[in-house]
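Reader: Can you walk me through this one? I would like the fold, the core, the surface and the ring pairs.

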Amino acid sequence: MSGLLALLDDVAAIAKVAATSVDDIAAAASKAGGKTAGVIIDDAAVTPKYVQGFAPARELPIIWKIARGSFFNKLVILLPAAMLLANFAPWLITPLLMLGGSYLCFEGAEKIFHTLFPHGDKHIEQDMSVQDPGHLEQQKVSGAIKTDFILSAEIMTIALSAIPEGTFWLEAAALGLVGIVVTLAIYGSVALIVKMDDVGLYVAQNARTGFGQGFGRGLVKFMPVLMQILSIVGTAAMLWVGGSIMIHGMHDLGLHHPYEDIHQIAVAIGHSVSDTARGAMEWGVTALADGILGLAYGFILIPVATRLVGPLIAALSGKKTAH
C-alpha cells in the first residue's frame with residue numbers, strides 16, 4: 001500500500017509538472033500568436049478568392065485541401081526548420097523576419113497601387129480563363145498552398161521571435177500550437193465566410209416570416225461588403241506588421257532610427273491625453289507611423305520586385321514570367 005501511495009504521489013507530481021508545462025506552452029503560444037495578427041487577417045481575406053467560380057458543393061472540399069496543405073507547410077516543413085534555425089543560427093532570425101517584412105510591405109503597397117491605378121495582367125487573366133474544372137481546381141489549390149507557404153513562413157518566424165526562451169521542447173510545442181490554432185482560425189473563418197452567402201440564400205428562400213427572409217437577403221448583400229472590409233483591414237494590417245518588423249529589425253541591427261524617433265513622438269503625444277488613454281494613444285501613433293513607413297518602403301519595392309526580382313526568378317526557373 002505504501003508503495004502504491006508513493007507511486008500515486010509521483011504521478012500527481014508529474015501531473016503538476018505537465019500541467020505547468022501546458023500552461024507555459026499555452027502562454028507562450030498566446031503571446032506569439034498575437035504578433036501574427038496582421039498576416040492572419042490578410043490570409044483570411046485572400047483565401048476565399050481561390051474558390052470563386054467553383055460550384056458551391058466544391059467550396060468546402062477545396063478549402064479543406066488548402067488547409068491540409070497549410071498544416072503540412074507549418075508542422076512538417078516550417079516547424080523543424082524554425083527550431084533548427086533557433087538553436088543553430090539564431091542570428092538569421094532578424095534578417096529572415098525583415099525579408100518577410102519586406103514581402104508584407106510590397107504586397108500591401110502593390111494592392112494600394114493597383115487600386116489607385118487599375119491595370120490588367122495578361123498572365124493573371126490567362127490563369128483565370130476557363131479550363132478543365134478538375135485541372136483548374138488542382139491548379140488553384142496548388143497555387144493557394146504555395147501562397148500559404150510564404151504567409152506560413154512569416155507567421156512561424158514571427159511566432160518564433162515572440163516565444164519566450166525556454167527548453168527546446170517547450171518552444172517546439174508552443175510553435176506547433178501556434179501553427180495549429182492559426183490554421184484552424186484562418187480556414188475555419190474562410191469556410192464560414194465562403195458559405196455565409198449560401199446560408200443567407202437558404203434563409204431568404206425558406207424562412208416563414210418576412211423578417212427572416214429579409215435577414216437572409218441582407219446577409220447575401222452584406223457578404224461582398226464584408227469581403228471588401230476584410231481586404232482593406234488585411235492590407236492595413238500587412239503594412240503595419242511589415243513596417244513594424246522592418247523598423248524593429250533595423251533597431252536590433254544597430255540602426256536606431258526611426259525606431260527611437262517614433263517612440264519619442266508616441267510618448268510625447270501620449271502625454272497630451274489622460275492616463276487611461278495614454279497607452280492606447282501611444283500604440284495608435286506607433287502603429288500609424290509603422291504603417292506609413294511600411295507603405296513608403298513597399299512603394300520603393302514595387303519596381304525592384306517587378307523589374308529586377310521577377311525577371312531574375314524567371315531566368316533562374318526557366319519560365320517566361322514570374323508573378
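Author: What follows takes those topics in turn. The model is predicted, so local features need pLDDT of at least 70 and side-chain atom pairs count only at pLDDT 80 or more, while totals for chains, interfaces and linings use all residues. Residues are numbered from 1 along each chain as its sequence is written, and side-chain values use heavy atoms, with hydrogens and water left out.

Reader: How many helices and strands are there?

Author: Ten helices and zero strands. Helices (H or I, at least four residues) and strands (E, at least two) are DSSP runs, numbered from the N terminus.

Reader: What share of the residues is buried?

Author: Of the 323 residues, 35% are buried. Buried means under 20% relative accessible area, exposed over 50%, and partly exposed in between (1.4 Å probe, protein chains only).

Reader: Which residues have the most contacts inside the largest nonpolar core?

Author: Ile66, Leu175, Ile186, Tyr187 and Ile245, in a core of 33 residues. Helices α3, α4 (93-116), α6, α7 (168-206) and α8 (210-252) each supply at least two residues of this core. Another core, of five residues, lies apart from it and includes Met196 and Leu219. A nonpolar core here is a set of buried Ala, Val, Leu, Ile, Met, Phe, Trp, Tyr and Cys residues joined through side-chain atoms within 4.5 Å.

Reader: Now the surface. Which residues form the nonpolar patch?

Author: Phe72, Val76, Ile77, Phe149 and Ile150, with about 420 Å² of accessible area together. Areas come from the Shrake-Rupley method with a 1.4 Å probe; for residues, only the protein chains shown count as cover. Like charges are joined within 9 Å, nonpolar side chains (Val, Leu, Ile, Met, Phe, Trp, Tyr) within 5 Å.

Reader: Which helix gives the largest share of the patch?

Author: α3, with three residues. Phe149 is in helix α6 and is partly exposed at 31%.

Reader: And how many aromatic pairs?

Author: Three. Rings of Phe, Tyr and Trp (its six-membered ring) pair if their centres lie within 6.5 Å; planes under 30 degrees apart count as stacked, over 60 as edge-to-face and the rest as tilted. Phe168 and Trp169 are edge-to-face, 5.1 Å centre to centre with 90° between the planes.

Reader: Why is the pair of Trp240 and Trp283 edge-to-face?

Author: Their planes are at 75°, with ring centres 5.6 Å apart, so the pair is edge-to-face. Trp240 lies in helix α8 and Trp283 in helix α10 (residues 275-317), so the pair ties together parts 43 residues apart in sequence.

Definitions and conventions. Patches are made of residues with over 30% relative accessible area and no salt bridge: like charges are joined within 9 Å, nonpolar side chains (Val, Leu, Ile, Met, Phe, Trp, Tyr) within 5 Å. A salt bridge is a side-chain nitrogen of Lys or Arg within 4 Å of a carboxyl oxygen of Asp or Glu.
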